[in-house]
Amino acid sequence: MTYQNILVLGGTGFVGRCLVDRLAAQGRKVCVPTRRRDRGRALLVLPTVEVIEADIGDPAALHALLAGRDAVVNLVAVLHDSGAARRAALAGAHANGRYGAGFAAAHVDLPRTLVAACQERGVQRLLHVSALGADPDGPSAYLRSKGDGERIVRDARSIASTVFRPSVVFGTDDDFLNRFAAQAAWLPFLLIPRPQVRMQPVWVQDLVSAMCTALDLRATFGRSYEICGPAIYTLRELVQFAARAAGHPRLVIGLPDFLARALALGFELLPGPPLLSRDNLLSLTIDNVASEQPYRPAPELAIRPAPLEPEAALYLAGLHPRTRFGGFRARAGR
């Protein structure tokens, strides 16, 4: 393995935990910065993993974290802008015509700072997770900011970068299917916006496998990859599946666009991250599927995407046989 000392930004999140587990199982040394170390406590059982309290939004802190690293992985993403940015947008005083401060900081400023720090520190390998549909001219602030960040990474010619563009990611700890399953447990029916929008969900372990394979593979340098599952579903079908698999089959009702916007506005006025935002609705105006169908993953990534139903049905029903960090424990013989 060429890259043995890796910095993982966003390593305490859903995809990040799975990736760090896999990298540790391969015997690589991994550093995971986080604002609060307790968020990474589940990673502390992995002997090659170091969890450090740090503010990666501080250029000096990020520069220091890169010292001695072979490679860096950027998984940082936010689904909603900050509360302050939302309030400014509601008042008609959005600071950025393309996206607010929260999206700018996570999706654009961080990649720009990271690229500059890598160039200064001589770190030449970067894996960057973007999103399917990311586009500087996309319909939502989320997709535009993701597109701008992706472009910054691709344009850094002195760095060997690989960009991943996954569809919605599912897995044991996901915040997608699990959220609908939880809602079905206490609601008599489920209301959803844009029920016919299409998605191509990918299993988190397939995404992680593609990333780990690409890390040392020169053929992936300078490339962008769409990462999807083998089947396409409408949002209605996914919600129905999640509710049924959790043991709470429910009627799923599609909301007209004007009612969905009114509901999203109401959620935005509440404190904390909204359950649904108007920007989320804009993201749902385009399908989240691979650009070429039928989807065939690039052969160099060596993945065979798993179907949604067998894997997701187990964890939605509470029957999943694997623990979060089973990869390392299997390697260690425990």
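Let me begin with a definition: rings of Phe, Tyr and Trp, for Trp its six-membered ring, count as a pair if their centres lie within 6.5 Å, and the planes are called stacked when under 30 degrees apart, edge-to-face when over 60, and tilted for the rest. With that definition, a search of the whole structure gives three aromatic pairs.

Before I describe one of them, a word on the model. This is a predicted model, with residues numbered from 1 along each chain as its sequence is written. Local features need pLDDT of at least 70, side-chain atom pairs count only at pLDDT 80 or more, and totals for chains, interfaces and linings use all residues, while side-chain values use heavy atoms, with hydrogens and water left out.

Now the aromatic pair. The ring centres of Phe-103 and Tyr-142 are 6.1 Å apart and their planes stand at 70°, so this pair is edge-to-face. Phe-103 belongs to helix H4, residues 101-121, and Tyr-142 to helix H5, residues 141-154, so the pair ties together parts that are 39 residues apart in sequence; helices here are DSSP runs of H or I with at least four residues, strands are runs of E with at least two, and both are numbered from the N terminus. For burial I use relative accessible area, with a 1.4 Å probe and protein chains only: buried is under 20%, exposed is over 50%, and partly exposed is in between. Phe-103 is buried at 2%, and Tyr-142 is buried as well, at 15%.

Helix H5 also holds Arg-144. A polar atom of the Arg-144 side chain does lie 2.8 Å from the backbone oxygen of Arg-98. Leaving aside residues up to four places away in sequence, Arg-144 touches several residues, among them Arg-98, Tyr-99 and Asp-135, where contact means heavy atoms within 4.5 Å.

Ser-130 sits in the loop between strand S5, residues 125-129, and H5, and is buried at 5% relative accessible area. Its side chain makes a polar contact of 2.7 Å with the side chain of Glu-150; such a contact is a pair of N or O atoms within 3.5 Å, in which, within protein, one must be able to donate a hydrogen and the other to accept it, and residues adjacent in sequence count only if both atoms are side-chain atoms.

Turning to charged pairs, side chains of opposite charge can pair when their charged atoms come close. The structure holds 15 salt bridges. In one of them, Arg-28 meets Asp-216, with the closest N and O atoms 2.8 Å apart. Arg-28 lies in the loop between helix H1 (14-25) and strand S2 (29-34), and Asp-216 in the loop between helix H7 (204-215) and strand S11 (223-227), so the pair ties together parts that are 188 residues apart in sequence. Arg-28 is buried at 2%, whereas Asp-216 is partly exposed at 23%.

A salt bridge also joins the side chains of Arg-194 and Asp-257, at 3.6 Å from N to O. Arg-194 is in the loop between S8 and S9 and Asp-257 is in helix H9, residues 257-269, 63 residues apart. Arg-194 has a positive phi of about 40° although it is not a glycine, and it is partly exposed at 28%.

Arg-223 and Glu-300 form a further salt bridge, the closest N and O atoms being 3.2 Å apart. Arg-223 is in strand S11 and Glu-300 in the loop between H10 and H11, 77 residues apart. That loop, between helix H10 (278-283) and helix H11 (308-316), is also the place of Pro-294, which is joined to Gln-293 by a cis peptide bond with omega about 0°.

Finally, the cysteines. How many disulfides does a search of the whole structure find? It finds zero, a disulfide being a pair of cysteine sulfur atoms within 2.5 Å. The sulfur of Cys-118 is 13 Å from the closest cysteine sulfur, in Cys-31, which is too far for a bond.

How values were computed. A salt bridge is a side-chain nitrogen of Lys or Arg within 4 Å of a carboxyl oxygen of Asp or Glu.
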